[in-house]
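Here are some notes for a colleague who is opening this structure for the first time. They begin with how the two chains meet and then turn to a single residue.

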2 protein chains.
Amino acid sequence: MKFLRIDLTTRTVNVEDVPEHYAGLGGRGLTSALINREVPAKCDALGPENKLIVAPGIFTGTPLVSTSRISIGAKSPLTGGIKESNAGGSVGTALGKLGITAIVLEGQAPAGALYNLVIDAECNATLEDAAEYKGMRTYALAEKLLARYGGNNGVLCVGPAGEYRMASASIQTTDVDGHPCRAAGRGGLGAVMGSKGVKAIVVSVKGKNPDAIADRTAFMAAAKVFAKAVRDSSFSGQMLPAFGTAGLVAPVNKAGAFPCYNATQGVFENWEKISGQTMAEVIKKRGGKVGHRGCSQCIIQCSNQYVDAKGKYVTSSLEYETIWSMGGMTGIDDLDTIAKLDFLADDIGLDTINTGVAIAVAMDAGHCKFGDGQAAIALMEEIAAGTEFGKILGNGPESVGKHLNHARIPVAKHQSIAAYDPRAMQGNGVTYATSPMGADHTAGNLLGSYLSGALDPLSPDGQVEASREAQILIASLDCTGLCMFASVVIRGDEARAAFVALMHAKTGVAFEEADIRTMGVDVLKAELEFNRKAGFTKDDDRLADFFYKEALPPHDKVFAVRDDDIEKTFEF
Amino acid sequence: MKFLRIDLTTRTVNVEDVPEHYAGLGGRGLTSALINREVPAKCDALGPENKLIVAPGIFTGTPLVSTSRISIGAKSPLTGGIKESNAGGSVGTALGKLGITAIVLEGQAPAGALYNLVIDAECNATLEDAAEYKGMRTYALAEKLLARYGGNNGVLCVGPAGEYRMASASIQTTDVDGHPCRAAGRGGLGAVMGSKGVKAIVVSVKGKNPDAIADRTAFMAAAKVFAKAVRDSSFSGQMLPAFGTAGLVAPVNKAGAFPCYNATQGVFENWEKISGQTMAEVIKKRGGKVGHRGCSQCIIQCSNQYVDAKGKYVTSSLEYETIWSMGGMTGIDDLDTIAKLDFLADDIGLDTINTGVAIAVAMDAGHCKFGDGQAAIALMEEIAAGTEFGKILGNGPESVGKHLNHARIPVAKHQSIAAYDPRAMQGNGVTYATSPMGADHTAGNLLGSYLSGALDPLSPDGQVEASREAQILIASLDCTGLCMFASVVIRGDEARAAFVALMHAKTGVAFEEADIRTMGVDVLKAELEFNRKAGFTKDDDRLADFFYKEALPPHDKVFAVRDDDIEKTFEF
């Protein structure tokens, strides 16, 4: 129950009790409250007034399964609004075991200075000069840092893209194997970390001072029920361990909602070459890993280790969103190339989504050809080298579109959409348009309702309500540190009751079922307030123009949810 | 009294009577009314829905002196709002004599296609294939077009920057000598012309069908009074013919309001090397021209022809704003280099202000050194060649600042300020912040009030009111085609009475003194309405953040007009 406040301007570290107004908050609930309260909404996202907050969830560090997520928050240099980006790996649990509620990076180091923040098992935090790591890519960096500080430690770090302060720069986190392959990818938070002058945060996994659990017996009982629900779910218990998130390629493509060739087609003709089934077969045949555990306390094991034809590690984990952004969107249908692009994104420290879509826009504008994997790899290396065009690419699809005078830029609030086309899954379009995060598939994804037939994906009817409830629920769950793939079981009555019991047992504060929704609404209200102060209006809650005008084959629909309906999304 | 509507999508030319709702409008009054009525405010400024309007003023084509101005309007790709940019030269009078109230370019030519619009003495307008002129710079282009269509014709054209659709691209117009050295520079209107697929508009000067003057006798009598006032003014009658606008270097620098080294100093230590006095001496010694007539019907002759040491033409006209943007802001104190940069801007088709400031931001960010003239020339050539960094430069200072992670970007509504620092002339800051045009020195310049001592430039008091009235007056005068330097005499009672008489005599419609203000307010209301529809809020009526935080030497003031006062600017 403590904050580590690191002032980079003065290079001082302060340990403080959690201020009363943040009591009981965790994860996204904490990052968003803190940003809304402490960061001037109109500040330069890359200046000293912005703050970068790393907060494990309420359950992170407890024995509950799949609770390794950390929320990272700041004002986004990409969207200009508030941002929370969360990631798995090993850092969250490490922070939880140290009893750290949040790390807050404030101020700004002098130009050119670079530091690592090192937190030991007794929670002593030190800023160490990181000049020797300057410009280093994340795999080499993680290897060196783990060799220096201990192989099991957790690392949060930026690659060259973060040091360049590119708007697509990610913060990479190490998985349980020590690979910096998990990412808080979206919103350019790596650029904020880079702007602070911080290259890496190394966190001891040997902490023995987690927050108290108010009623441990009740907690353990409910945790058992919840874990069983996760194991019993066909999605988290069967599909994900078998194919990983890549298992979504087939159903989304079949639904005509897999935007490809820069969102000019909804079905990728070569989808079978990049599907989860194909990926799993290739990996198994070559001796790689599927059903791999990437995050601490994970029982789902949706991760994989993709290997080359000789069985050598290429990347982990090859995910649906990356297969889409680096594959479908670019027309690249070769899994080996996509895996290489995924590795490069992790190594350079880039959001695979924003970067793949930036490449797709460049291809659509004629800069290179759709499907040209070697060109895409060369573009990634341009970003790493910080060439002029590399910088433009590293700032994302809107930057590329403007530079090349190309109007088809699939974004909302300057951030690229994800792998569900808003014209073929209209409610995901509502989420893209309205989420305070900018276009984001994790902010309120209605895929489940579409695949189950509960909601017609092509009709504008009912989408606003569905998006609203999905956004509220995920905002709530993002406070807990639970992995999204585990937390979906909360839709079942038994698991939901267990969740309520877990919240009560952990905090000792009364928590009822209705509080799930209240917690989510409170998060969204803080985020919306920040964005309003930053100057956002209802006009910002729109998709890129072409989604309203260019019909997407094969359904030949445009995005048809009316503006006045969209504006009702946050009528809580 | 007719519109030429050119649809580039269908390549058709329509001549139509002036629609009733535009009756009596001219210049900026007409361009802004038409954009507000016909252009979807949220459209892509570089897409087919935008329109580019060329409109001579109400007096243009009459015998009144100094009435050669044309207004060019469109939604701006730089500011995202409405834009009117006006220019002198020979085209305005030519259009006036043809009786053309407006040319309206609509739609968009197919990608890669390029046309010239050629208007003959009988007002026949033809779109001619311009493939052979593709990529051509403006001096070579104008020479070829005038050789082909007749040496006295007027030409409006874009250079490579307009074809690249850069946000700093200008539309150049020929002066009376046939040099394409006059510019509708601001707001990236050259990019709009380029996006339409139009390289040049050639206008015959042999038209003999100007609009009727309702009461010619009264008009000629009033015109004589007005012309005398212009001749008798010390500003337009003495200072401008002697030193050109460059005569302002000395007094603005003395006032500590000459922003230099990217607006980090208010006094340029080497100002005497680039002053109007020095410039006039150099030009005269080398056999160039001062007191040169650049525009049709001009009696002021503020223009000059700058020549090199061998007496060879370098550029025309070297103006105060360019001496500042390419000189003071960049720390370049060599007039020959500044003249060369001015020529390059005209030749490539670039706003000298936005481009000079873009170079200054690049210098401030360490891309090259302040004062390095050869580096600046090399950067101009990068823009012309369309290199990656050249494109960034060609999109203006904000594009450069973002690319180089440099926060000191002197803009309002994404457009660079002009040569009066808002911290040392606070009311000009109000105009920069609030003008629907973005930062613009011609939208309501209080320099006269400061130099005369009528208003304290350093105090925030009274600036909002002064800016409001100046913005209203200039909006009104921008409807008439009068040169700003002639129209300033309207502050005198006799000239103002003559102006009212001229309006009445020209149109035959009742016009009283109070109508001067009404005409200006109507223009601003249309512009503000468009910007509101485009999504602008009061938050857009602000200067770049650093003007509020970094004090400007030698007065060491920040911009201190309060936001809530700024918000009263348009309380008409």
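1. The model is a predicted one, and across the interface of chain B and chain A the rule finds 4 salt bridges. One pair to look at is A:K42 and B:D539, which form a salt bridge whose closest N and O atoms lie 3.0 Å apart. On the side of chain B that touches chain A, the largest share, 4 residues, comes from helix α14 of chain B, which spans residues 388–394.

2. Polar contacts can be listed as well: between chain B and chain A there are 8 residue pairs in polar contact, with both residues at pLDDT 80 or more. The residues of chain B on the side that touches chain A divide into 8 charged, 6 nonpolar and 5 polar.

3. As for the extent of the interface, 19 residues of chain B are in contact with 19 residues of chain A, and the two chains bury about 1,500 Å² between them, 42% of it on carbon and sulfur atoms. Of the area that chain B buries against chain A, 35% is supplied by B:E388, B:H403 and B:N405, more than by any other three residues.

4. A separate point concerns B:D342, which is found in helix α11 of chain B, residues 335–348. B:D342 is buried and yet has no salt bridge, since the nearest side chain of opposite charge, that of B:R182, is 8.9 Å away, whereas a salt bridge requires the nitrogen and the carboxyl oxygen to be within 4 Å. Leaving aside residues up to four places away in sequence, B:D342 touches B:T315, B:S317, B:L318, B:T322 and B:T352.

Methods:
Residues are numbered from 1 along each chain as its sequence is written. Chains are lettered from A and ligands numbered from 1 in the order in which they are written. This is a predicted model: local features need pLDDT of at least 70, side-chain atom pairs count only at pLDDT 80 or more; totals for chains, interfaces and linings use all residues. Side-chain values use heavy atoms; hydrogens and water are left out. Helices (H or I, at least four residues) and strands (E, at least two) are DSSP runs, numbered from the N terminus. Buried means under 20% relative accessible area, exposed over 50%, partly exposed in between (1.4 Å probe, protein chains only). Lys and Arg count as positive and Asp and Glu as negative; His and the chain ends are not counted. Contact means heavy atoms within 4.5 Å. Buried area is the accessible area (1.4 Å probe) that two parts lose on being put together, summed over both. A polar contact is a pair of N or O atoms within 3.5 Å; within protein, one must be able to donate a hydrogen and the other to accept it, and residues adjacent in sequence count only if both atoms are side-chain atoms. Ala, Val, Leu, Ile, Met, Phe, Trp, Tyr, Cys and Pro count as nonpolar, Asp, Glu, Lys and Arg as charged, and the others, Gly among them, as polar.
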